[in-house]
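I opened the file and kept notes as I went. Each entry records one thing I looked up.

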Amino acid sequence: MNTPDYLSQLTHDWRRQARGPASRCSAAILAERHRDLCIDGVEDLGEMVELLEPRSGRPVLWRAAVVAALLEEATDPVIRRALLQTLLPGVVSVCRKLRFGEGVIDDLDGMRPYECDALSAYRQMPLVVVLPETVSQVAAILRYCQDHKVKVVPRGAGTSLSGGSMPVGDAILLGMGKFNRVLEIDYANRCAVVQPGVTNLGVTKAVEHEGFYYAPDPSSQIACSIGGNVAENSGGVHCLKYGLTTNNLLGIEMVLMNGEVVRLGGKHLDAGGYDLMGLMTGSEGLLGVVTEVTVRLLRKPTTARAVLLGFPT
């Protein structure tokens with residue numbers, strides 16, 4: 001039986017099981033049905049089952065190669081989640097070693113606030129929630145996820161109505177809420193360097209005493225984060241005159257899926273060459289995780305007046 005057939009049968013049998021953890025059930029079905037299966041050099045079936053068995057006493061990460069090979073063919077979310085549950089202790093262990101502290105949430109009650117964004121009609125519990133505090137932690141967890149073929153969904157403040165931060169059942173949810181500092185304000189160059197967890201309105205609050213403000217103003221500006229604004233290319237009423245987020249963005253620092261940290265743009269105006277920053281803006285975290293944002297500041301108007309326009313038809 002080939003791997004896709006195996007996954008189909010595993011789906012059927014896994015759903016019929018009413019007792020025992022999914023990882024134990026998966027290992028038992030693997031042993032029963034696929035005695036000729038050979039994955040990534042693990043030729044002995046007993047060893048394969050032992051690698052999948054969380055109570056075997058072996059290091060958790062030994063199971064990674066086996067699970068990763070099965071995940072190559074797995075498309076059913078039920079199967080993927082069952083397989084990834086065998087990696088969950090490894091993910092948690094890696095995060096603990098990176099000194100995440102309380103930034104790893106793997107219990108259902110703790111993950112409940114992350115099951116949806118502002119579009120609450122659609123809900124999905126993630127595999128685990130990770131809340132990094134440093135760029136090195138973001139790079140390490142993304143590198144780990146790429147090596148072990150685990151999906152990642154970045155999340156800002158969760159105010160989106162488009163499902164941009166909607167969790168996936170077989171993915172790690174990477175919450176960026178702890179990146180919440182204003183790093184630098186450069187009034188001479190009219191820009192501010194902030195972390196992605198800073199709120200939209202927080203940027204204006206930080207500079208308004210000097211007569212500056214940040215133009216894009218989505219309706220959720222009191223709560224939405226700058227990182228989320230970049231991911232969604234947010235706008236607001238002011239966008240009619242000053243443009244969307246992409247028109248008020250000078251530079252970003254981002255982490256790619258392989259853990260590489262790259263910088264696009266800076267304090268200067270538009271650079272020559274391809275507009276990679278424009279490609280990143282609005283990509284909803286698909287191309288990388290933003291860890292720093294440089295935004296354009298504008299002088300606050302001396303006066304503000306409301307205008308009412310009436311039309312006969």
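**Entry 1: the five-stranded sheet.** I started with the strand order. I read 5 strands in an open sheet, ordered β5-β6-β10-β8-β9, with antiparallel pairing. The edge strands are β5 (182-186) and β9 (261-265), each of which pairs on one side only. From one strand to the next the twist averages 10°. For the terms: helices (H or I, at least four residues) and strands (E, at least two) are DSSP runs numbered from the N terminus. Two strands pair if DSSP finds at least two bridges between them.

**Entry 2: ground rules.** This is a predicted model, in which local features need pLDDT of at least 70, side-chain atom pairs count only at pLDDT 80 or more, and totals for chains, interfaces and linings use all residues. Residues are numbered from 1 along each chain as its sequence is written, and side-chain values use heavy atoms, with hydrogens and water left out.

**Entry 3: confidence.** I checked pLDDT, the predictor's confidence in each residue, from 0 to 100. The protein chain has a mean of 78, and 70% of its residues reach 70 or more. Residues 13-62 have pLDDT below 50, and this stretch has 69 contacts in the model beyond near neighbours in sequence. Contact means heavy atoms within 4.5 Å.

Entry 4: I went back to the pairings. β5 and β6 are antiparallel over 4 bridges. Ile185 stands opposite Ala192 in β6. Their hairpin has 4 residues between the strands, and there Arg190 takes a positive phi near 55°. On to the next pair: β6 (residues 191-194) and β10 (residues 289-296) are antiparallel, also over 4 bridges. Here Val193 stands opposite Thr294 in β10.

Entry 5: I found 4 strands in another open sheet, in the order β1-β2-β4-β3, with mixed pairing. Its edge strands are β1 (104-105) and β3 (151-155), each pairing on one side only. β1 and β2 (residues 128-130) pair in the antiparallel sense over 2 bridges. The bridge partner of Ile105 in β2 is Val129. Helix α8 packs on this sheet, touching β3 and β4 (171-175), and its direction makes about 170° with that of β4.

**Entry 6: what else does α8 lie across?** Helix α8 (residues 135-147) lies across β8 (249-255), β9 and β10, running at about 55° to β8. Axes are lines fitted to C-alpha atoms, for helices over the stretch in contact, and angles run from 0 to 180 degrees between N-to-C directions.

**Entry 7: which residues of α9 are buried?** In α9 (residues 200-207) I list Asn200, Val203, Thr204 and Val207 as buried. They sit on the same side of α9, because they cover an arc of only 95° around the axis. The arc is that of the directions from the helix axis to the C-beta atoms. An α-helix has 3.6 residues a turn, so residues three or four places apart point the same way. The cover over the buried residues of α9 includes β5, β6, β7 (212-213), α10 (226-232) and β10. Buried means under 20% relative accessible area, exposed over 50%, partly exposed in between (1.4 Å probe, protein chains only).

**Entry 8: aromatic pairs.** I count 2 aromatic pairs in the structure. The ring centres of Tyr187 and Phe212 are 5.4 Å apart with planes at 35°, so this pair is tilted. Tyr187 lies in the loop between β5 and β6 and Phe212 in strand β7, 25 residues apart. Tyr187 is partly exposed at 27% relative accessibility, whereas Phe212 is buried at 3%.

The rings of Tyr213 and Tyr242 have centres 6.3 Å apart and planes at 80°, so this pair is edge-to-face. Tyr213 is in strand β7 and Tyr242 in helix α11 (residues 239-242), 29 residues apart. Tyr213 is buried, with a relative accessible area of 7%. Tyr242 is partly exposed at 26%. Cut-offs: rings of Phe, Tyr and Trp (its six-membered ring) pair if their centres lie within 6.5 Å; planes under 30 degrees apart count as stacked, over 60 as edge-to-face and the rest as tilted.

**Entry 9: where is Asn233, and what does Asn233 contact?** Asn233 lies in the loop between α10 and α11. At 21% relative accessibility, Asn233 counts as partly exposed. Leaving aside neighbours within four places in sequence, Asn233 is in contact with Leu244, Thr245, Thr246, Thr281 and Gly282. I also noted Glu284: 51 residues from Asn233 in sequence, and 8.6 Å in space, C-alpha to C-alpha.
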